[in-house]
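Welcome! Here is a short briefing to read alongside the structure.

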Amino acid sequence: MTLNIIQVILVIIVAFLAGVEGILDEFQFHQPLVACTLIGLVTGNLLPCLILGGTLQMIALGWANIGAAVAPDAALASVASAIILVLGGQGTDGVASAIAIAVPLAVAGLLLTIICRTIATAFVHFMDSAAKEGNLRAIEMWQIAAICLQGVRIAIPAGLILAIGADPIRSLLAAMPGWLTGGLAIGGGMVVAVGYAMVINMMATKEVWPFFAIGFVLATVSQITLIGLGALGVALALVYLALGKQGGSSNGGSSNTGDPVGDLIDRY
């Protein structure tokens with residue numbers, strides 16, 4: 001598929017915003033579901049990009065910067081894989097190949113992130129010098145420049161992929177052997193499970209495990225829609241809050257902690 005100049009500009013703008021939001025976390029443009037959907041919207045490939053973004057979002061659920069450890073670059077993976085999917089012109093059939101490319105891109109994006117953060121440290125020193133002079137305008141400009149640097153980190157690779165064109169991308173995808181794309185697709189599916197496991201590991205406490213078990217069992221009932229599952233989740237949350245207030249206000253014993261589920265587990 002060939003994009004016109006307006007679509008190319010819009011894609012680069014989306015890529016820039018995705019890079020900026022990777023730092024700001026204001027409108028979540030860097031999230032795979034949002035970034036891929038926006039690229040699909042401006043290029044007229046909404047459905048394939050929406051499926052790609054939803055799949056990548058599940059993979060990226062457990063990606064988080066903890067301490068000095070930098071997570072894989074979800075913004076670059078989302079933007080680059082969505083552009084490759086659009087240029088490949090395979091529609092929904094190319095989603096698996098795009099996912100296979102996205103995971104290595106996310107890891108490769110760590111290098112660009114480290115480079116940008118290293119450059120940003122110099123900006124901090126410039127801001128310190130401006131602060132000593134009381135130049136608030138200069139501090140604001142250096143801050144904006146550091147944030148824009150994160151946007152350029154995604155916009156430049158996106159522009160390079162767009163400059164290559166559809167034919168080389170299509171040839172690259174066609175040249176990938178079936179065992180490679182199939183293996184990477186299976187690996188991507190395993191990464192989804194790892195992402196869920198990391199989220200559960202961070203949230204897991206003894207008082208929420210019963211509710212997780214209830215939700216897990218209810219999710220296996222195919223007759224219940226997502227809206228129904230959401231309503232059940234809200235209802236269980238309200239029940240938990242009500243029991244928590246009741247346990248906290250009880251005068252029947254001093255061992256109550258205000259957590260009824262935790263009290264029951266400790267008691268039995």
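Are α2 and α3 roughly parallel or roughly antiparallel to each other? They are roughly antiparallel, a term for angles over 145 degrees. This is a predicted model, in which local features need pLDDT of at least 70 and side-chain atom pairs count only at pLDDT 80 or more, while totals for chains, interfaces and linings use all residues. Residues are numbered from 1 along each chain as its sequence is written, and side-chain values use heavy atoms, leaving out hydrogens and water.

**The helix pair**
- Helices here are DSSP runs (H or I, at least four residues), numbered from the N terminus.
- The axes of α2 (residues 32-43) and α3 (residues 46-59) come within 7 Å and cross at roughly 170 degrees; axes are lines fitted to C-alpha atoms over the stretch in contact, with angles from 0 to 180 degrees between N-to-C directions.
- Residues in contact (heavy atoms within 4.5 Å) include P32, L33 and C36 in α2 and L46, C49 and L50 in α3.
- By class, this contact of α2 with α3 has nine nonpolar, five polar and no charged residues, with Gly counted among the polar ones.

**T43 in α2**
- T43 belongs to α2 and is buried (under 20% relative accessible area, 1.4 Å probe, protein chains only), because its relative accessibility is 3%.
- A polar atom of the T43 side chain lies 2.6 Å from the backbone oxygen of I39.

**Q28 in the loop**
- Q28 sits in the loop between α1 (5-24) and α2.
- Most residues other than glycine have a negative phi.
- Phi of Q28, however, is positive, near 60 degrees.
- With a relative accessible area of 28%, Q28 is partly exposed, the class between 20% and 50%.

Note on methods
Helix = DSSP H or I, 4+ residues; strand = E, 2+ residues; numbered from the N terminus. Polar contact = N/O pair within 3.5 Å; in protein donor to acceptor, adjacent residues only side chain to side chain. Parallel < 35°, antiparallel > 145°, perpendicular 65-115°, else oblique.
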